[in-house]
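Have the viewer open and follow along.

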Amino acid sequence: MNPKFFVEALKEADKALKKDEVPIGAVIVHKGKVIARAHNLRETKQDTLTHAELLVISKACKKLGSWRLEDCELYVTLEPCPMCAGAISQARISKVYYGAKDPKGGAESLGISIHDNKKLNHRFEMVFYAVERCGKILSEFFKLKRKK
């Protein structure tokens, strides 16, 4: 785990915030280098499938010329939802680091163990690494939304 990659994911979250999107950012790292970055675009695109994780996976696949991202790690500011956890498994990503828990929507928090389900042919490690700014940017965003 390298904290500098959370800094990069947070830069993506800031981009989402400037677009009035839920501030979630993600980067994919291959051999110690960021190869793809993305942020949430659901409101901008009006598309359920434009979560930061799905967008960054797509970009990484294009970069590497393969749907298999076996030697890659994902850094994301918020715990992946079940849809994104499924995509992470399908992409064969080896490890996911997330900076804030999502008790109402995160796969692990909901007890949906996609990442270590022994029935699946690919499992990945999911690591919560508490990054205060990851939770704070989300809290501040929703606090402002409730005031409006």
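## Aromatic cluster

Let's start with the rings: Phe5, Phe6, Tyr75, Tyr97 and Tyr129 come together as one aromatic cluster. Keep in mind that this is a predicted model. A pair of aromatic rings is described by the distance of the centres and the angle of the planes. With centres within 6.5 Å as the rule for a pair, the count is 6 aromatic pairs. Take phenylalanine 6 and tyrosine 75: the ring centres sit 5.4 Å apart and the planes meet at 85°, so this pair goes down as edge-to-face, the label for planes over 60 degrees apart.

What does this pair tie together? Phenylalanine 6 belongs to helix H1 (residues 3-18) and tyrosine 75 to strand S3 (residues 72-76), so the contact links parts that are 69 residues apart in sequence. Phenylalanine 6 has a relative accessible area of 2% and is buried. Tyrosine 75 is buried too, at 1% relative accessibility. The cut-off behind both calls is under 20%.

## A lysine over a ring

There is also a charge over a ring to look at. Lysine 101 lies over the face of phenylalanine 128, and the distance to the ring centre is 4.8 Å. Lysine 101 turns up again in the lining of the second largest pocket.

## Nonpolar core

How many residues make up the largest nonpolar core? The answer is 41, and the ones with the most contacts inside it are Ile28, Ile57, Leu69, Leu74, Ile93 and Val96. Two or more residues each come from H1, S1, strand S2 (33-39), helix H3 (52-64), S3, H4, S4 and helix H5 (132-147). H3 gives the largest share of this core, with 5 residues.

Leucine 74 is worth a click. This residue is placed in strand S3, and its relative accessibility is 0%, so leucine 74 counts as buried.

Now for the empty space. Rolling a probe the size of a water molecule over the atoms shows where empty space is left. The largest pocket has a volume of about 220 Å³. It is lined by 15 residues, and those closest to the pocket centre are Ile24, Arg42, His51, Leu78 and Asp102. Sorted by class, this lining has 8 nonpolar, 3 polar and 4 charged residues.

The second largest pocket holds about 180 Å³. Its lining is made of Leu78, Ala100, Lys101, Asp102, Pro103, Lys104, Gly135, Leu138, Ser139 and Phe142. That splits into 5 nonpolar, 2 polar and 3 charged residues. Leu78 and Asp102 are in this lining, and both are also among the residues closest to the centre of the largest pocket.

## Positive phi in the loops

Aspartate 20 has a positive phi of about 60°. You'll find aspartate 20 in the loop between H1 and strand S1 (25-30), and at 39% relative accessibility it is partly exposed.

The other is arginine 92, whose phi is positive at about 65°. Its loop runs between helix H4 (82-90) and strand S4 (95-98). Is arginine 92 buried or exposed? Its relative accessibility is 16%, so arginine 92 counts as buried, given that buried means under 20%.

Lysine 15 sits in helix H1. With a relative accessible area of 39%, lysine 15 is partly exposed.

Where is glutamate 70? Glutamate 70 is in the loop between H3 and S3. At 46% relative accessibility, it counts as partly exposed. Glutamate 70 and serine 58 are 12 residues apart in sequence, and their C-alpha atoms are 14 Å apart in space.

Notes
Residues are numbered from 1 along each chain as its sequence is written. This is a predicted model: local features need pLDDT of at least 70, side-chain atom pairs count only at pLDDT 80 or more; totals for chains, interfaces and linings use all residues. Side-chain values use heavy atoms; hydrogens and water are left out. Rings of Phe, Tyr and Trp (its six-membered ring) pair if their centres lie within 6.5 Å; planes under 30 degrees apart count as stacked, over 60 as edge-to-face and the rest as tilted. Helices (H or I, at least four residues) and strands (E, at least two) are DSSP runs, numbered from the N terminus. Buried means under 20% relative accessible area, exposed over 50%, partly exposed in between (1.4 Å probe, protein chains only). A charge sits over a ring if NZ of Lys or CZ of Arg is within 6 Å of the ring centre and within 35 degrees of the ring normal. On a 1 Å grid over the protein atoms alone, a cavity is a set of points where a 1.4 Å probe fits but cannot get out, and a pocket is an open set with protein on both sides within 12 Å along at least five of seven lines; lining residues have an atom within 4 Å of a point. Grid points are joined across faces, edges and corners, and a volume is the space filled by probe spheres set on the points. Ala, Val, Leu, Ile, Met, Phe, Trp, Tyr, Cys and Pro count as nonpolar, Asp, Glu, Lys and Arg as charged, and the others, Gly among them, as polar. A nonpolar core is a set of buried Ala, Val, Leu, Ile, Met, Phe, Trp, Tyr and Cys residues joined through side-chain atoms within 4.5 Å.
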